[in-house]
Amino acid sequence: MLRRALLAASASSRLRQLITTAPQTRAIVEKYVAGETADDAVRVTRSLQALGEDTKDPAQAAAVTDEYIQLAGKLGAEGLTHGGAAEVSVKPTAVGLFLGTRTAKENISRICAAAREAGTTVTLDAEEFAAIEPTLRIAAQLRAEYPELGCVVQSCLRRSEADCRALAAYGVRVRLCKGAYDEPESVAFTARREVDSSYARCLRTLMNGPGYPMLATHDPRLIQITGALALLTGRAADSFEYQMLYGIRPAEQRRLADTGAGMRVYVPYGGDWYAYLVRRLAERPGNLAFFLRSLGRNS
Ligand SMILES: Cc1cc2nc3c(=O)[nH]c(=O)nc-3n(C[C@H](O)[C@H](O)[C@H](O)COP(=O)(O)OP(=O)(O)OC[C@H]3O[C@@H](n4cnc5c(N)ncnc54)[C@H](O)[C@@H]3O)c2cc1C
């Protein structure tokens, strides 16, 4: 119920205006969002060894594309992409997915070229359900030129097991997450237990396949299952990786890295941080109390 309300709040422009202009929200924003500029993301990325969404304006999509290109260049120039250490995650709707797949494909292709030039890779984030099919189609087309282009599967979606089977067959880089969007029963599992079981099934498919699985979760049980499957399938440590969000379970991030496993941290940044942050609050209502306390303390 609370999760639903918060996910609806993530799309509300009135609430967005209220919250993003309140100076009191700083503390919680800084916990989960690197800052507003590419330099902030580079700074945070360095300390560990990318947020505009849903653009409906071609000029803005082009500007966001340029921003991603600039980020890739900066990461490369700072030596942070060496060996694929830092890569760029792209929100397809932010580079014009809903303006038409042609625009988005051209923009994503430019980002892939810049990332390659900088010595790194790109992964296309999975967003709301309407974006899934066009995103996967663009990824499949661009993979002919950029085989290193990654994509994301959300275990909450009923289609995801089939997507995993298809993607594993291509041997590509696939990030598996639970999914952060509120989708209807007709296309998604809505019970936590079902989403987790679906994750485990997708995980098994990816770990048994010839691809490069990227397991994006903070869930201790799923992390444990990943470790067990890696042993069972005889996967080398460099043939898959764990992924977590900036600011979430940092001690566990360190622990996994210390075991020699690949551990990548997703570092969000940008002036348009509101929807991202509210999705995080929906996942962990405990954070909501912290957020409200910071608002209350300062107002
Ligand atoms: C690297 C990365 C990339 C992602 N990319 C996408 C994407 O492209 N598209 C998309 O829809 N979603 C994406 N997500 C978000 C994802 O779908 C989930 O919404 C988010 O990760 C929360 O799910 P969870 O797997 O951590 O499990 P949850 O069910 O949220 O949590 C499971 C357990 O993990 C632990 N845990 C979770 N959060 C915390 C916390 N804050 N502190 C301590 N313990 C905690 C707790 O033990 C909890 O019971 C991404 C997530 C990551 C990590």
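This is a predicted model: local features need pLDDT of at least 70, side-chain atom pairs count only at pLDDT 80 or more; totals for chains, interfaces and linings use all residues.
With 3 residues, β3 makes the largest contribution to the lining of the largest cavity. Residues are numbered from 1 along each chain as its sequence is written, and side-chain values use heavy atoms, with hydrogens and water left out.Rolling a probe the size of a water molecule over the atoms shows where empty space is left. On a 1 Å grid over the protein atoms alone, a cavity is a set of points where a 1.4 Å probe fits but cannot get out, while a pocket is an open set with protein on both sides within 12 Å along at least five of seven lines; lining residues have an atom within 4 Å of a point. The largest cavity holds about 40 Å³ of space (the volume filled by probe spheres set on the points, which are joined across faces, edges and corners). Its lining is made up of A126, I132, L136, V152, V153, Q154, L157, S160 and D163. Two or more of these residues come from each of α7 (129–142), β3 and α8 (160–170); helices (H or I, at least four residues) and strands (E, at least two) are DSSP runs numbered from the N terminus.

The largest pocket has a volume of about 1,300 Å³. It is lined by 43 residues, and K178, G179, H218, R280 and E283 are the closest to its centre. Here α12 supplies the largest share of the lining, 4 residues. Sorted by class, the pocket lining has 19 nonpolar, 8 polar and 16 charged residues (Ala, Val, Leu, Ile, Met, Phe, Trp, Tyr, Cys and Pro count as nonpolar, Asp, Glu, Lys and Arg as charged, and the others, Gly among them, as polar).

And the ligand? The largest pocket is where the ligand sits, in the sense that more than half of its atoms lie within 2 Å of the pocket's grid points. The shell around the ligand has 25 residues, of which A126, G179, T217, H218 and E283 come nearest (a heavy atom within 4 Å is the cut-off). β6 (241–245) gives the most to this shell, with 3 residues.

Some polar contacts (pairs of N or O atoms within 3.5 Å) can be picked out as well. A polar side-chain atom of H218 is 2.7 Å from an oxygen atom of the ligand, and one of R175 is 2.9 Å from a ligand nitrogen atom. D219 uses a backbone N or O atom instead, 3.5 Å from a ligand oxygen atom. On its own the ligand has 950 Å² of accessible area, and the protein covers 84% of that (Shrake-Rupley method, 1.4 Å probe).

Terms used:
A polar contact is a pair of N or O atoms within 3.5 Å; within protein, one must be able to donate a hydrogen and the other to accept it, and residues adjacent in sequence count only if both atoms are side-chain atoms.
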